[in-house]
Amino acid sequence: MAIWMGRSLRKHSGGRIRRQSGKKRRELSREIIPLVVGEKRTKKIRTFGGNDKIRVFKEDTINVSDPESGKTVVAKIKTVVENPANPHYVRRNIITHGALVQTDMGDVRVTSRPGQDGTLNGVLEK
């Protein structure tokens, strides 16, 4: 089922707003599908306007950028250490933007938006 992303039907004061027109297809969005640690699985999705997005469902590697040396290396993900979006995501190994994941190289902060970009990038934490 799609999620309606239109304007609220209530004012800030709590009063009701009467709609001038019905809901539009352009106001719909897709269900949120979280990125989980596991063997890589992606899907290509057509967006509004005919463009494409690559949605990542599962991923077991991350592109790690080291700010000191300036090099980028592909590292294996072990587990999710911290996720500021939701504390329950740590138990479920869900990765979002800003999550802290443990890799072979150490702890890495995720800098990309996996549901939007189709890739998983991160910066090595000190």
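Two strands count as a pair if DSSP finds at least two bridges between them. Keep that rule in mind as we walk through this structure, which is a predicted model.

Let's start with a pair that meets the rule. Strand β3, residues 35-37, is joined to β8 by 2 bridges, and the two run antiparallel. To see this pairing on the model, find L35: the residue opposite L35 is I95 in β8. In general, strands of a sheet pair through backbone hydrogen bonds, either parallel or antiparallel.

Now let's step back to the sheet around this pair. The sheet is open and has 4 strands, in the order β4-β5-β3-β8, with mixed pairing. At its edges are β4 (41-46) and β8 (94-95), each of which pairs on one side only.

N93 belongs to the loop between α1 (88-92) and β8. Its phi is positive, about 55 degrees, although N93 is not a glycine.

Our last stop is strand β11, where you can follow two pairings. With β6 (residues 61-65), strand β11 (residues 121-124) pairs in the parallel sense over 3 bridges. Look for N63, which stands opposite N121 in β11. Strand β10 (residues 107-110) is also joined to β11 by 3 bridges, and these two run antiparallel. Here you can pick out R109, whose bridge partner in β11 is V123.

Technical notes. Residues are numbered from 1 along each chain as its sequence is written. This is a predicted model: local features need pLDDT of at least 70, side-chain atom pairs count only at pLDDT 80 or more; totals for chains, interfaces and linings use all residues. Side-chain values use heavy atoms; hydrogens and water are left out.
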